[in-house]
Amino acid sequence: MKQYLKEIVILFIQLFMFYIFPLFMFLYEPIGTVMMILLTTFILSIVITIISKNKIKYFYPIIIAILFIPSVFIYYNESALVHSLWYLVISGIGMLIGLIICLIKRNLFKKL
């Protein structure tokens with residue numbers, strides 16, 4: 001359990017963005033809320049790729065897409081189900097960027 005603590009913390013931050021943040025949607029435009037959640041997903045996927053040493057991090061895009069589905073029925077309507085695919089794609093792209101950063105960082109420290 002301790003070995004997955006970083007991943008669990010990041011998943012809880014993501015759950016906060018999916019389930020608590022939309023409660024304050026009346027303060028913002030709905031598209032602003034969606035864009036904020038997309039941006040957070042992108043940043044968290046980069047972070048989990050950089051800080052995690054476990055192989056479970058590669059399942060992060062799939063887990064995020066699945067975790068978003070119940071929030072569709074709580075806050076949105078069925079037409080928002082397509083956003084789960086966006087979260088899958090955005091977190092996958094974020095993980096690729098995180099892997100590139102890790103490779104650059106690893107090669108930079110080898111040269112030093």
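Biologist: How do you know how helix H2 and helix H4 lie against each other?

Modeller: The axis of helix H2, which spans residues 30–51, comes within 7 Å of the axis of helix H4, residues 82–111, and the two cross at roughly 35°. An axis here is a line fitted to C-alpha atoms, for helices over the stretch in contact, and the angle, from 0 to 180 degrees, is taken between N-to-C directions. By class, the contact of H2 with H4 has 15 nonpolar, seven polar and one charged residues; Ala, Val, Leu, Ile, Met, Phe, Trp, Tyr, Cys and Pro count as nonpolar, Asp, Glu, Lys and Arg as charged, and the others, Gly among them, as polar.

Please keep in mind that this is a predicted model, in which local features need pLDDT of at least 70 and side-chain atom pairs count only at pLDDT 80 or more, while totals for chains, interfaces and linings use all residues. Residues are numbered from 1 along each chain as its sequence is written, and side-chain values use heavy atoms, with hydrogens and water left out.

Biologist: What makes a stretch a helix, and how many helices does the chain have?

Modeller: The chain has four helices and zero strands, and its pattern along the sequence is α-α-α-α. A helix is a DSSP run of H or I with at least four residues, a strand is a run of E with at least two, and both are numbered from the N terminus.

Biologist: Why are H3 and H4 called roughly antiparallel?

Modeller: Their axes come within 8 Å and cross at roughly 155°. Angles over 145 degrees count as roughly antiparallel, those under 35 as roughly parallel, 65 to 115 as roughly perpendicular and the rest as oblique, and H3 and H4 are therefore roughly antiparallel to each other. Among the residues that meet there are Tyr 60, Ile 64 and Phe 68 in H3 and Tyr 87, Ser 91 and Met 95 in H4, where meeting means heavy atoms within 4.5 Å. The residues of this contact of H3 with H4 divide into 10 nonpolar, four polar and no charged.

Biologist: What is the relation between H1 and H3, and how do you know?

Modeller: H1 and H3 pack at an angle of about 25°, with their axes 9 Å apart. That angle makes H1 roughly parallel to H3. Their crossing is right-handed, and residues including Ile 10, Leu 11 and Phe 18 in H1 meet residues including Tyr 60, Ile 64 and Phe 68 in H3. By class, the contact of H1 with H3 has 13 nonpolar, two polar and no charged residues.

Biologist: Why is Thr 49 called buried?

Modeller: Buried means under 20% relative accessible area, exposed means over 50%, and partly exposed lies in between, with a 1.4 Å probe and protein chains only. Thr 49, found in helix H2, has a relative accessible area of 0% and is therefore buried. Leaving aside its neighbours within four places in sequence, Thr 49 is in contact with Lys 57, Met 95, Gly 98, Leu 99 and Cys 102.

Biologist: And are Met 25 and Lys 6 buried or exposed, or something in between?

Modeller: Met 25, in the loop between H1 and H2, counts as buried at 17% relative accessibility. Lys 6, whose place is in helix H1, stands at 46%, so it counts as partly exposed. Of the 112 residues of the chain, 34% count as buried.

Biologist: What makes a group of residues a nonpolar core, and which residues have the most contacts inside the largest one?

Modeller: A nonpolar core is a set of buried Ala, Val, Leu, Ile, Met, Phe, Trp, Tyr and Cys residues joined through side-chain atoms within 4.5 Å. The largest has 17 residues, and those with the most contacts inside it are Ile 10, Phe 18, Ile 37, Tyr 60, Ile 64, Phe 68 and Tyr 87. The elements that give two or more residues to this core are helix H1 (5–19), H2, helix H3 (60–75) and H4, and H2 gives the most, with five residues. Tyr 60, leaving aside its neighbours within four places in sequence, is in contact with Ile 10, Leu 11, Gln 14, Leu 44, Ser 45, Ile 48, Ser 91 and Met 95.

Notes:
Left-handed = near helix turned anticlockwise from the far one by under 90°.
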